[in-house]
Amino acid sequence: MEAFKRFIGVVLIVIAAIVAIQTILEPIYHTSTDESPHSSAWDYINPLSAISIVLGLIFGYMRMRGIGENSSVQEFIAANTLFYGFIFTGIIFFWNWFGIMGAASDFTAVGMDTRSLVWILFDAILPPLNIAMGIHLLRASPSSE
């Protein structure tokens, strides 16, 4: 199980790097228009982001569940921050992703400016969450079980 956790940790860190690099470099090579608001690279990155959110929720829950009476306050805060951070990130990601996939094309309560802002927030939140969880899993300490 420890080797599997380390593997997932590496996967989360790699996805974090991909999202962060794409977020920073996209304005350099892609000019947004109404017809093409984002580069096609996101069509490949979004499924990776969805996978990392699901993995983050699973391992975040496992970490929270592993907190016992003898755990430190720092461990309690870290475990809860990661788990609820992944929940928050998952909500805004899937809301936005389903919206751009056309599943919510009749939903007009928000415009593209709002959706763009949510993507910017998501792209800034996911990498630190993935890196924190990835580092925790790479350490694969017994307290994470």
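**Entry 1: the nonpolar patch**

I started with helix 1 (2-29) and helix 2 (42-65), which each supply at least two residues of the nonpolar patch. Helices here are DSSP runs of H or I with at least four residues, strands are runs of E with at least two, and both are numbered from the N terminus. I listed the patch members as V10, V14, I18, L48, I51 and L138, covering about 430 Å². Helix 1 gives the largest share, three residues. My note on the term: patch residues have over 30% relative accessible area and no salt bridge, with nonpolar side chains (Val, Leu, Ile, Met, Phe, Trp, Tyr) joined within 5 Å and like charges within 9 Å.

I picked V10, which lies in helix 1. Is V10 buried, partly exposed or exposed? V10 counts as partly exposed, because its relative accessibility is 43%. The cut-offs I used are under 20% relative accessible area for buried, over 50% for exposed and partly exposed in between (1.4 Å probe, protein chains only).

**Entry 2: what I am looking at**

This is a predicted model, so I kept in mind that local features need pLDDT of at least 70 and side-chain atom pairs count only at pLDDT 80 or more, while totals for chains, interfaces and linings use all residues. Residues are numbered from 1 along each chain as its sequence is written, and side-chain values use heavy atoms, leaving out hydrogens and water.

**Entry 3: the whole chain**

Of the 145 residues, 37% count as buried. The chain exposes about 8400 Å², and carbon and sulfur atoms supply 68% of that. Those areas come from the Shrake-Rupley method with a 1.4 Å probe, and for residues only the protein chains shown count as cover.

I also looked up contacts (heavy atoms within 4.5 Å). Among those between residues at least 6 apart in sequence, 71% join residues at least 24 apart.

**Entry 4: rings**

How many aromatic pairs does the structure hold? I got 11. One of them is F93 with F94, an edge-to-face pair at 5.0 Å centre to centre and 75° between the planes. Rings of Phe, Tyr and Trp (its six-membered ring) pair if their centres lie within 6.5 Å; planes under 30 degrees apart are stacked, over 60 edge-to-face, and the rest tilted.

F93 is buried at 0% relative accessible area, whereas F94 is partly exposed at 23%. F94 also pairs with W97: the centres are 6.2 Å apart and the planes at 45°, so I wrote "tilted". Both F94 and W97 lie in helix 3 (residues 73-100), three residues apart, about one turn of the helix. W97 counts as buried at 16%.

I then checked W95 and found the charged end of R115 over its ring, 4.5 Å from the centre. For this, NZ of Lys or CZ of Arg has to be within 6 Å of the ring centre and within 35 degrees of the ring normal.

**Entry 5: the salt bridge**

My search of the whole structure gave one salt bridge. Which side chains meet in it? They are E75 and R63, at 2.9 Å, N to O. E75 is in helix 3 and R63 in helix 2, so the pair ties together parts 12 residues apart in sequence. The rule is a side-chain nitrogen of Lys or Arg within 4 Å of a carboxyl oxygen of Asp or Glu. E75 counts as buried at 16%, and R63 is buried at 8%.
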